[in-house]
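Try each task before you read its solution.

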Amino acid sequence: MAIERKVKKVGTVVSDKMDKTIVVRVGRQFMHPLYKKVVRKHKKFMAHDATNDCKVGDVVEITESRPLSARKRWVLTRVIERSK
């Protein structure tokens, strides 16, 4: 019996306009394989925020979950840092 580990990501909240949903921007850096330059990429994830607690600018941790809607597959785990 295999134990599945849930993927966790840390990012910044860029939108909280929806009810019980936030949009989190997760960035990553990597070295380009040919040109050896550091490249920055980002991706946006929709996450479930049951308490509508997060605001734009908060740094949060999200965890992978079952599909909750058409585009929402992540759940807010904790708020790491509040925005000013």
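Predicted model: local features only at pLDDT ≥ 70, side-chain atom pairs only at ≥ 80, totals over all residues.

**Exercise 1.** Find how many salt bridges the model has.

Solution. Start with the rule: a side-chain nitrogen of Lys or Arg must lie within 4 Å of a carboxyl oxygen of Asp or Glu. Apply the rule to the model. The count comes to three salt bridges.

**Exercise 2.** Work out which residues form a network of salt bridges.

Solution. Step one: take Arg-82 and Asp-53. Their side chains meet in a salt bridge, 2.8 Å from N to O. Arg-82 sits in the segment after strand S5 (72-81), and Asp-53 sits in the loop between strand S3 (38-48) and strand S4 (59-64). They are 29 residues apart.

Step two: take Arg-82 and Asp-58. Here the closest N and O atoms are 3.5 Å apart. Asp-58 is in the loop between S3 and S4, 24 residues from Arg-82.

Step three: join the pairs. Asp-53, Asp-58 and Arg-82 are linked in a network.

**Exercise 3.** Decide for Asp-58: buried or exposed?

Solution. Buried means under 20% relative accessible area. Asp-58 has 1% relative accessibility, so Asp-58 counts as buried.

**Exercise 4.** Explain which strands the salt bridge between Glu-61 and Arg-78 ties together.

Solution. First check the distance. The closest N and O atoms of Glu-61 and Arg-78 are 3.3 Å apart. Next, place the residues. Glu-61 lies in strand S4 and Arg-78 in strand S5, so the pair ties together parts 17 residues apart in sequence. Last, check accessibility. Glu-61 is buried at 11%, whereas Arg-78 is partly exposed at 44%.

Technical notes
Residues numbered from 1 in each chain as written. Heavy atoms only, no water. Helix = DSSP H or I, 4+ residues; strand = E, 2+ residues; numbered from the N terminus. Buried < 20%, exposed > 50% of the residue type's maximum accessible area, 1.4 Å probe, protein only.
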